[in-house]
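Me: I have a model open and want to know what stands behind some of the words used for it. Please take me through them.

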Amino acid sequence: MDVPLSDSIHYMPARTALLLEIGDEDGRVGIGESAIYGGPASVVETMVHDELTPRLLGQDYTRPERLWQILTSRSHQHGDGGVLPAAVSGLDIALWDLMGQAANLPLYRLLGGYRDEVQAYASAGFYAEGKDAEGLADEARGYVEAGFRHVKIKVGRTTDTPMNPLVNMDAPEFATVTFAEDLRRVGAVRKAVGDEVHVMVDANNAWTKPTAQEAGREFERLGIHWFEEPVPTDDLAGSAALAASLDVPIAGYETRTGLAGFRDFIEARAVAIVQPDVIWSGGITPCRRIAALAAAAGLPCVPHVFSTAVSLVANLHFIASLPNSYLLEFDQNPNALRTELLEEPVTPDRRGVVTVPNGPGLGVRLDRETLRRHAVAEARTTEVS
């Protein structure tokens with residue numbers, strides 16, 4: 001990236017991704033993406049090729065539920081979080097893409113087909129050197145002028161708050177603010193966009209419950225639409241206490257992968273908005289179950305989306321299939337792997353609305369020149385012998 005940026009605790013000098021393709025004997029190719037947050041892509045790549053892929057070769061991809069069980073059950077000793085669901089995610093997405101192609105149906109139609117277009121929200125407001133409250137307010141105003149009616153910004157890069165994990169992360173002194181300055185940033189955005197635009201905030205697990213409680217009172221006053229990942233993912237009780245005491249809905253937790261983890265958050269009423277991610281939580285197969293749990297509890301499912309165009313499109317199809325979803329996270333930071341990766345880019349219109357690709361499967365094709373230009377490692381291939 002030309003200009004590094006950061007969320008509440010993660011420093012981002014580059015954007016990286018792991019993409020994969022699965023082909024069938026008839027020449028169809030399904031595409032997928034596996035999350036590589038928190039470590040090198042080679043770790044996930046090794047699991048995909050050496051552990052998971054051999055279990056798929058020669059199998060019937062029109063049975064994605066069975067294949068998902070095979071992939072995860074045989075690796076259960078690795079646990080149900082971390083690298084395993086990320087690796088399985090890319091394979092699962094590619095299998096669903098293939099299945100949609102074989103059925104000659106767009107994936108969202110195959111999954112239920114609830115809507116043909118989805119309202120997008122501008123996911124932005126990251127920290128950068130020299131970006132003050134006024135600069136952030138100008139940024140948010142620009143998204144509204146482009147047609148977005150929902151804007152999300154970051155909070156939590158506050159080294160003066162107790163137990164903030166930022167102090168142990170890369171570049172902990174980059175673009176930090178005080179807690180008071182952070183709250184002023186949110187107030188400046190609210191003033192810039194007006195009361196009719198929904199403003200969301202995302203703390204990326206940076207605050208303790210008392211700090212998040214104090215911030216949440218200010219967010220109530222400002223009419224914030226949701227407060228995302230206010231506390232560490234393991235603090236289920238803290239999140240539940242915030243949800244019970246604040247009028248601002250608590251959203252999360254993309255960092256809690258797996259059906260059981262989301263079940264616990266939903267049962268504890270620790271979230272009001274459920275946020276899995278199909279490239280991180282194990283793929284479309286488990287995310288459908290998570291969305292059903294949310295629906296049974298009367299909660300919306302609004303996935304986390306922050307990577308390439310493949311992640312964007314896969315989550316878009318999933319969202320469009322659900323009656324209990326209503327928004328698509330649309331990253332506004334510079335990322336050629338989002339804007340240049342597809343032969344026909346997927347973008348919001350002037351209403352901030354994204355139309356779901358209507359071709360079979362995911363309905364998109366990768367731009368091979370973009371892949372060649374940005375590749376940082378040679379592709380690995382596994383074939384049936």
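Reply: Start with a cut-off: angles under 35 degrees count as roughly parallel. Keep in mind that this is a predicted model.

Me: Why are α9 and α10 called roughly parallel to each other?

Reply: The axes of helix α9 (residues 259–267) and helix α10 (residues 284–296) cross at roughly 15° and come within 10 Å. Angles under 35 degrees count as roughly parallel, and α9 and α10 are therefore roughly parallel to each other. The crossing in which α9 passes α10 is right-handed.

Me: Which residues of α9 and α10 make the contact?

Reply: From α9 come Leu259, Phe262, Arg263 and Ile266, and from α10 come Arg289, Ile290, Leu293 and Ala294. By class, six residues of this contact are nonpolar, none is polar and two are charged.

Me: At what angle do α5 and α6 pack?

Reply: Helix α5 (residues 133–145) and helix α6 (residues 179–193) pack at about 35°, and their axes are 8 Å apart. Their crossing is right-handed. On the α5 side the contact is made by Ala133, Leu136, Ala137, Ala140, Arg141 and Val144. On the α6 side it is made by Arg184, Arg185, Ala188, Val189, Ala192 and Val193. The classes here are nine nonpolar, no polar and three charged residues.

Me: What makes Arg15 buried?

Reply: Its relative accessible area is 16%. Buried means under 20%, so Arg15 is buried. Arg15 is in the loop between β2 (11–12) and β3 (18–23). Residues that Arg15 touches include Met1, Phe306, Asn333 and Leu337.

Me: What makes the pairing of the Arg15 and Asp331 side chains a polar contact?

Reply: The contact is 2.9 Å, and the cut-off for a pair of N or O atoms is within 3.5 Å.

Me: How do you know whether Asn104 and Arg269 are exposed or partly exposed?

Reply: Exposed means over 50% relative accessible area. Asn104 has 58%, so Asn104 is exposed. Arg269 has 45%, so Arg269 is partly exposed. Asn104 is in the loop between α3 (83–103) and α4 (107–110), and Arg269 is in the loop between α9 and β10 (273–274).

Me: Why remark on the phi of Asn104 and of Arg269?

Reply: Most residues other than glycine have a negative phi. Asn104 is not a glycine, yet its phi is positive, about 60°. Arg269 is not a glycine either, and its phi is positive, about 55°.

Me: Which peptide bond is cis, with omega near -15°?

Reply: That is the bond from Gly252 to Tyr253. Tyr253 lies in the loop between β9 (250–252) and α9. Most peptide bonds are trans.

Key. Residues are numbered from 1 along each chain as its sequence is written. This is a predicted model: local features need pLDDT of at least 70, side-chain atom pairs count only at pLDDT 80 or more; totals for chains, interfaces and linings use all residues. Side-chain values use heavy atoms; hydrogens and water are left out. Axes are lines fitted to C-alpha atoms, for helices over the stretch in contact, and angles run from 0 to 180 degrees between N-to-C directions. Helices (H or I, at least four residues) and strands (E, at least two) are DSSP runs, numbered from the N terminus. Angles under 35 degrees count as roughly parallel, over 145 as roughly antiparallel, 65 to 115 as roughly perpendicular and the rest as oblique. A crossing is left-handed if the near helix is turned anticlockwise from the far one by less than a right angle, and right-handed if clockwise. Contact means heavy atoms within 4.5 Å. Ala, Val, Leu, Ile, Met, Phe, Trp, Tyr, Cys and Pro count as nonpolar, Asp, Glu, Lys and Arg as charged, and the others, Gly among them, as polar. Buried means under 20% relative accessible area, exposed over 50%, partly exposed in between (1.4 Å probe, protein chains only). A polar contact is a pair of N or O atoms within 3.5 Å; within protein, one must be able to donate a hydrogen and the other to accept it, and residues adjacent in sequence count only if both atoms are side-chain atoms. Lists of a residue's contacts leave out its neighbours within four places in sequence.
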